[in-house]
Amino acid sequence: MKLRKKCLILDHDDTIINSQESIHYPLFVEVLKQLRPNIKPIDFERFIELSNEHGFVKMCRLLYHYTPQEIQYEYEYWRQRSSTIQAPSFDGLKEILQQFVDAGGKIIVYTMNAKQNVIDDYERLFNLTPDVIIAHDSFYRLKKPYRLSLLKALNDLQLTVTECVFIDDTPMLLELKDRLNMDFIAANWAKSAHPLWKDNTHEIVLSNPMQLLPYLFEE
């Protein structure tokens, strides 16, 4: 099978694994019950809306007045518990990624998640190891959405930007894709992504992973 692109630059949460519903929102509720036991948690839809509007940390500060120490506790709790929860992937991704790799394609994971979580998820779900993982536990200027680590990965893999495509459930990388002149596909198959792309008419927005096939493979 001939590839249209030689490399997928993949986000992880809610692009590859359905993590907002199965991990992040439930853990947010668990911590809130510990730190603010008398406050009723917001529902999932409101959680997504406010997280997108403010960012998760700022949302916690604005709504629940978390202190820096409580924010750190939230992070440590998430880091420890998230590694014990096995989030599902989205239907069709396993077959697509295996076909892509079998045809010689490369995978770069460009994520706000931790590196070990990505390694574990790819092994568990796809029996694959990404070629490069640029994760949240990198040095500040080397992590997403900064481009230094990404450009180094492309150089190491001897790839040009035209041979790659970003696939992400959020608009975070739109500025970067314009700066690099790289193709971008919006992964709109998670419920948490729907509000982000509902009014977008400029990007390729796909509602099902199977719709990726004509963008990745020649007929």
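The chain holds 14 aromatic pairs, counting Phe, Tyr and Trp rings (for Trp, the six-membered ring) whose centres lie within 6.5 Å. Planes under 30 degrees apart count as stacked, over 60 as edge-to-face and the rest as tilted. This is a predicted model: local features need pLDDT of at least 70, side-chain atom pairs need pLDDT 80 or more, and totals for chains, interfaces and linings use all residues. Residues are numbered from 1 along each chain as its sequence is written, and side-chain values use heavy atoms, without hydrogens and water.

**Aromatic pairs**

- Y25 and F47 pair edge-to-face, at 5.2 Å centre to centre and 65° between the planes.
- Y25 sits in helix α1 (residues 19-35) and F47 in helix α2 (residues 44-54), so this pair ties together parts 22 residues apart in sequence.
- Helices here are DSSP runs (H or I, at least four residues), as are strands (E, at least two), numbered from the N terminus.
- Y25 counts as buried at 17% relative accessibility.
- F47 is buried too, with a relative accessible area of 2%.
- Buried means under 20% relative accessible area, exposed over 50%, and partly exposed in between (1.4 Å probe, protein chains only).
- Y122 and F126 also pair edge-to-face, at 5.2 Å centre to centre and 75° between the planes.
- Y122 and F126 are four residues apart in helix α6 (residues 115-126), about one helical turn.
- Both Y122 and F126 are buried.
- Ring pairs link Y25, F28, F44, F47, F56, Y64 and Y66 into a cluster.

**Where α1 meets α2**

- The axes of α1 and α2 come within 11 Å and cross at roughly 85°.
- That makes α1 roughly perpendicular to α2.
- Axes are lines fitted to C-alpha atoms, for helices over the stretch in contact, with angles from 0 to 180 degrees between N-to-C directions.
- Angles under 35 degrees count as roughly parallel, over 145 as roughly antiparallel, 65 to 115 as roughly perpendicular and the rest as oblique.
- From α1, Q20, E21, H24, Y25 and F28 meet F44, F47 and I48 of α2, where contact means heavy atoms within 4.5 Å.

**Whole chain**

- The chain has ten helices and six strands.
- Its C-alpha trace spans about 55 × 35 × 35 Å along the principal axes.
- Of the 219 residues, 47% count as buried.
- Among contacts between residues at least 6 apart in sequence, 66% join residues at least 24 apart.
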